[in-house]
Amino acid sequence: MTRNYQNIMDTPVTVEGNLHELVRGEEQRLLKELEPVVRQQSVTLDMRHIERIDAAGIAALISLYGDAHIAGHEFAVINASPRVVEILELVGLDRILISRSASPCPEAVPCFEMPAA
């Protein structure tokens, strides 16, 4: 399975893999793939296929958010499952990380999607 990422130029970049859980052991793969991107541009991460998240996954999202802001860019997540939203609310990160925009991917902000198998 692949994940299709759209960059600011609408050129697809395909990364091998499949991610349904953002948990210890899986978070490093996400960081490896997205850290360079958030340093170059604003990113909206589509999390519709993430069913579970733990402290390591939360730490990865915080790291991506921090890297983006240090570089002068934005980082947000969209389409998080109700369970993931609940966990982000419990730790107070929903206000910071979850995009509430009307469109799934705001114009001029690339949308990164992690499709299911």
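This is a short walk through the model, one selection at a time.

Before you click: the model is predicted, so local features need pLDDT of at least 70, side-chain atom pairs count only at pLDDT 80 or more, and totals for chains, interfaces and linings use all residues. Residues are numbered from 1 along each chain as its sequence is written, and side-chain values use heavy atoms, with hydrogens and water left out.

**Whole chain, cartoon view.** Colour by secondary structure and you get 4 helices and 7 strands, where helices (H or I, at least four residues) and strands (E, at least two) are DSSP runs numbered from the N terminus. Read from the N terminus, the order is β-β-β-α-β-β-α-β-α-α-β. Of the 117 residues, 44% are buried, meaning under 20% relative accessible area, while exposed is over 50% and partly exposed lies in between (1.4 Å probe, protein chains only).

**The core.** Next, select L22, L45, M47, L61, F75, V77 and L88: they have the most contacts inside the largest nonpolar core, which has 26 residues. Such a core is a set of buried Ala, Val, Leu, Ile, Met, Phe, Trp, Tyr and Cys residues joined through side-chain atoms within 4.5 Å. Helix 1 (27-40), strand 4 (43-46), helix 2 (55-70), strand 6 (75-78) and helix 3 (82-90) each put in at least two residues, and helix 2 gives the most, with 5. Zoom in on V77: leaving aside residues up to four places away in sequence, V77 touches L45, M47, L61, L97, I98 and S99 (contact means heavy atoms within 4.5 Å).

**Helix 1 against helix 2.** Show both helices. Their axes come within 9 Å and cross at roughly 10°; axes are lines fitted to C-alpha atoms, for helices over the stretch in contact, and angles run from 0 to 180 degrees between N-to-C directions. That makes helix 1 roughly parallel to helix 2, the label for angles under 35 degrees.

**Last stop, R48.** Look in the loop between strand 4 and strand 5 (52-53). R48 is partly exposed, at 43% relative accessible area. Draw a distance to V84, 36 residues away along the chain: the two C-alpha atoms are 9.7 Å apart.

Key
Parallel < 35°, antiparallel > 145°, perpendicular 65-115°, else oblique.
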